[in-house]
2 protein chains.
Amino acid sequence: MNTKDLAYFTCLVEIKNFSKVAEHFKVQQPTITTAIKRLEKEFSTTLFIRDRKHNTLEITTSGQQLFKRSQIILNELTLAQKEIDRINREQLVLGLPPIIENHYFSKICQELADAQILNRLTTVEAGSVSLTKAIHEGTIDLSLLGSITPIKDDDLIASEIERQPFCIYVSNKHPLAKYNQIRFKDLVNENFVFFKQNFIHNQAFTQLSQQNNFHPKIIFKSNDINMLMKLINRNLGIGFFTRIVNTDAYDIKKLTLLDANAPQFITSLVYRRHQFLTPSQIQLINVLKNNL
Amino acid sequence: MNTKDLAYFTCLVEIKNFSKVAEHFKVQQPTITTAIKRLEKEFSTTLFIRDRKHNTLEITTSGQQLFKRSQIILNELTLAQKEIDRINREQLVLGLPPIIENHYFSKICQELADAQILNRLTTVEAGSVSLTKAIHEGTIDLSLLGSITPIKDDDLIASEIERQPFCIYVSNKHPLAKYNQIRFKDLVNENFVFFKQNFIHNQAFTQLSQQNNFHPKIIFKSNDINMLMKLINRNLGIGFFTRIVNTDAYDIKKLTLLDANAPQFITSLVYRRHQFLTPSQIQLINVLKNNL
DNA sequence: ATTAATTATAAAATAAATTTATAGTTATCA
DNA sequence: TGATAACTATAAATTTATTTTATAATTAAT
């Protein structure tokens, strides 16, 4: 059975017009007609009901079922191609959310260099949401991800690296700096500086806000953590970040949250379940697991 | 790309001999050579290292990766064929472990008849283990299953129907019949009659035995629940079954187990995640869910 | 009624896969 | 060492599969 036929078929299911499908694949229209007939013969079934009275193309139940399987098959093929391409290029592509990169990556560069991995390693910096998508699509093979609940995905293998609480970051000039711990509800009158787009931080922040029934006031948003830290340093606002954010360069204090149900920032190492791991990928995974 | 090539390829990975693969598919040997070359060209990679020095056929990393994807693809194809076959025969095949069948099935026969389903329904009676395998392989589409832990399987959708405790079944002539509740450890000197092969009951029984540090004495084993009930009825032994086993025809009492961690018999309704449900399958699922 | 849009069919052409025949490589064994 | 067996590769011929071309048929729209 030719997978080209499945491609024609899924396309026809989607756009429901033989001629347009032919156009899409740059073939003549009878090609599609015969391809569908071939599939119908192969599976001994009717895939479409050609109702020209009402000018509709109805998909049969068998057709729906084959559609599901075809999508999986075509996806497996593109995954295989992408995976093999990277194997041949001896490319190691690692997804890294910026916050995780800042905290962990410098730590293990030496180990990566020692293991002869660093020179072949390309990192892709992006948010955890788009990195998850990229792994699914086969654009990258391996990623560190941040999340506030353990990563559960049928198609992925995720192993937890570490859990860190979220903390409140205040200038040492701020009245709160005399405390070491604080409850989120005590921050009701504070001004926050916060991430513009970071999905995980937003999730955690929203969760705590809801648990405490108030909307914290955010006076400035940026995607740049250093910019935010500078603002906190000048005591223009306070911050809410996972504990792994580094304060060495600033006169800033981290306060622990006392809230019982406070979310945690979970760092996980993730790859596709059906990815055959190359020796260098295994090496990379081991370096990451052993040094983080 | 022809899926036949993937079949040749996976077979070659497994038996590592071009001629034998050709024999297996009843084609000539050059067919396999050219098929593999085709795949290598298609994916722009080397799949095998033909080491004739050592008379071995080594699979490359790309080959390993393609092997994983090929297996999934070929499996999807056979699943599709089986699913479509049943759709065309308008066949509704339901897997039923005998114990569940005895308890639930008679209850809902009327509803199934009313919904015009009963006449098209074929039941497959087998243990939960082989029914799970049958669903995976596409031999059946839908099954009730018994288990003592919730069913978690990436490829399946399982919805819990009911949880029932396991009970101790004793003759009303038995000294224990004066109690309503009992701890498992108090049964250390009792004689049990038990299932020969029932995996779920064996699991539960073993678990309780281990928790209580003794090996219960089993004096007779059978796969026939009625036979076992007759023996209990005659006070030749006591039984350990899920509470759903019916005692109406016997002079038998069910005792509740007081053990805190006593296992439970979970009845679930299960089907493949990527199964496109036909209208009559949805009907059947609804009847089962609403009436159990 | 004419036209446009659509899908189907048949024959021809092209492309792809398989077989046949044979060559080359290596291991085995007398 | 040379003959043989087991295995894989290559090339040409054959067969099979797919696509195109040309055209017919159906229906909706104007």
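Let's start at the DNA: α3 (29–42) of chain A, α2 (18–25) of chain B and α3 (29–42) of chain B each supply at least two residues of the surface near DNA strand D. Helices here are DSSP runs (H or I, at least four residues) and strands are E runs of at least two, numbered from the N terminus. This is a predicted model, in which local features need pLDDT of at least 70 and side-chain atom pairs count only at pLDDT 80 or more, while totals for chains, interfaces and linings use all residues. Residues are numbered from 1 along each chain as its sequence is written, and chains are lettered from A and ligands numbered from 1 in the order in which they are written.

The largest share of the surface near DNA strand D comes from α3(A), with five residues.

Chain A itself is assigned domain 1 (3–77), domain 2 (88–162 + 266–291) and domain 3 (164–264), with bounds from an automatic or database domain assignment. Between domain 2 and domain 3 of chain A, the C-alpha centres are 27 Å apart. Their contact (C-beta atoms, placed from the backbone, within 7 Å) takes 11 residues from domain 2 of chain A and 14 residues from domain 3 of chain A. On the domain 2 side, α5(A) gives the most, with three residues.

Here is how two of these surfaces divide by class:

| Surface | Nonpolar | Polar | Charged |
|---|---|---|---|
| Side of domain 2 of chain A that touches domain 3 of chain A | four residues | six residues | one residue |

Ala, Val, Leu, Ile, Met, Phe, Trp, Tyr, Cys and Pro count as nonpolar, Asp, Glu, Lys and Arg as charged, and the others, Gly among them, as polar.

Notes:
Two residues are in contact if their C-beta atoms, placed from the backbone, lie within 7 Å.
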